[in-house]
Amino acid sequence: MERTFVILKPCTLQRGLVGEVISRFEKKGLKLVAMKMYRFTKEKCAQHYAHLVSKPFYPIIESSMMAAPVILCCWEGIDAVSVVREMTGATNGRNAAPGTVRGDFCMSHQENIVHASDSQETAKAELERFFTADDYFEYDSPLFDYLYAKDEL
């Protein structure tokens, strides 16, 4: 099974949308295998957004991500990275399709509810940045046999 990384941003926590967003991923059939509340530091924010630190808008990202705690999640499933990316929608909430997380819950480019890994390589690096082996939980779901056809496993 593939794993992907999702951050529920401070705006999600502040707006009381954490349960709603998590519920969407669960209802899709993704399996939550790690989750914790976290507060970004300047150093960790710069590390996570290293590809954007030199951009003129980076201070807005840093301020936004440090405004309140975030919720870090690891979701598991077949093609989890692409499934989550499709579910989150376009980065700018004004351009995100209705039915996506951003399309339904935001009007902003920055205050856009979630960060989601964009590739398997990125997911691996991001998961290693925020989680240790002890943070993951393996468990059987009674619904598993109804999520995938036998030839998909």
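Colleague: Which residues does Val6 contact, leaving aside neighbours within four places in sequence?

Modeller: This is a predicted model, so read the contacts as computed ones. Val6 is in contact with Phe25, Ile71, Leu72, Cys73, Trp75, Val84, Val114, His115 and Ala116.

Colleague: And how many residues are in the largest nonpolar core?

Modeller: The largest nonpolar core has 22 residues. Val6 is one of those with the most contacts inside it, along with Leu8, Val21, Phe25, Trp75 and Ile113.

Colleague: Which elements each supply at least two residues of this core?

Modeller: They are β1, α2 (18–28), β3, α5 (80–88), α6 (101–105) and β4. The largest share, 4 residues, comes from α2. There is also a second, separate core of 19 residues, and Ile7, Tyr38, Phe40 and Leu52 are among its members.

Colleague: Back to Ile113. What is its phi?

Modeller: Ile113 has a positive phi of about 75°, although it is not a glycine. Most residues other than glycine have a negative phi. Ile113 sits in the loop between α6 and β4.

Colleague: Buried or exposed?

Modeller: Ile113 counts as buried because its relative accessibility is 0%, and the cut-off for buried is under 20%.

Colleague: Where is Asp79, and what is its phi?

Modeller: Asp79 lies in the loop between β3 and α5. Its phi is near 55°, again a positive value in a residue other than glycine. Asp79 is partly exposed, with a relative accessible area of 45%.

Colleague: Changing topic to helices. Which residues of α7 are buried?

Modeller: The buried residues of α7 are Ala123, Glu126, Leu127 and Phe130. They are on the same side of α7 because they cover an arc of only 100° around the axis.

Colleague: What do the buried residues of α7 pack against?

Modeller: They pack against β1, β2, α3, β3, α5 and β4.

Colleague: And which exposed residues does the face turned away from the buried side carry?

Modeller: That face of α7 carries Glu121, Lys124 and Glu128.

Colleague: Now α4, which residues are buried there?

Modeller: In α4 the buried residues are Tyr58, Ile61, Glu62, Ser64 and Met65. They cover an arc of only 165° around the axis, so they are on the same side of α4. What covers them includes β1 (2–8), α1 (10–14), α3 (42–48) and β3.

Colleague: Which element gives the most to the lining of the largest pocket?

Modeller: β4 gives the most, with 3 residues. The elements that each supply at least two residues are α4 (58–65), β4 (114–116) and α7 (120–130). By class, the lining has 7 nonpolar, 9 polar and 5 charged residues.

Colleague: You listed His51. Where is it in the chain?

Modeller: His51 is in the loop between α3 and α4. It is exposed, with a relative accessible area of 58%. From His51 to Pro69, C-alpha to C-alpha, is 22 Å, and the two are 18 residues apart in sequence.

Colleague: What about the second largest pocket, how much space is in that?

Modeller: About 330 Å³. Of its 17 lining residues, the closest to its centre are Gly29, Leu30, Lys31, Ser141 and Leu147. β2 (31–38) and β3 (70–77) each supply at least two residues of the lining, and the largest share, 3 residues, comes from β3.

Colleague: How many residues of each class line the second largest pocket?

Modeller: The lining of the second largest pocket has 9 nonpolar, 3 polar and 5 charged residues.

Colleague: Last one. Where is Leu153, and what does it touch?

Modeller: Leu153 is in the segment after α7. Not counting residues up to four places away in sequence, Leu153 touches Met1, Ile78, Phe144 and Tyr148.

Colleague: Is Leu153 buried or exposed?

Modeller: Leu153 is exposed, with a relative accessible area of 52%; the cut-off for exposed is over 50%. Its C-alpha atom is separated by 23 Å from that of Thr122, 31 residues apart along the chain.

Definitions and conventions: Residues are numbered from 1 along each chain as its sequence is written. This is a predicted model: local features need pLDDT of at least 70, side-chain atom pairs count only at pLDDT 80 or more; totals for chains, interfaces and linings use all residues. Side-chain values use heavy atoms; hydrogens and water are left out. Ala, Val, Leu, Ile, Met, Phe, Trp, Tyr, Cys and Pro count as nonpolar, Asp, Glu, Lys and Arg as charged, and the others, Gly among them, as polar. On a 1 Å grid over the protein atoms alone, a cavity is a set of points where a 1.4 Å probe fits but cannot get out, and a pocket is an open set with protein on both sides within 12 Å along at least five of seven lines; lining residues have an atom within 4 Å of a point. Grid points are joined across faces, edges and corners, and a volume is the space filled by probe spheres set on the points. Buried means under 20% relative accessible area, exposed over 50%, partly exposed in between (1.4 Å probe, protein chains only). The arc is that of the directions from the helix axis to the C-beta atoms. Contact means heavy atoms within 4.5 Å. A nonpolar core is a set of buried Ala, Val, Leu, Ile, Met, Phe, Trp, Tyr and Cys residues joined through side-chain atoms within 4.5 Å.
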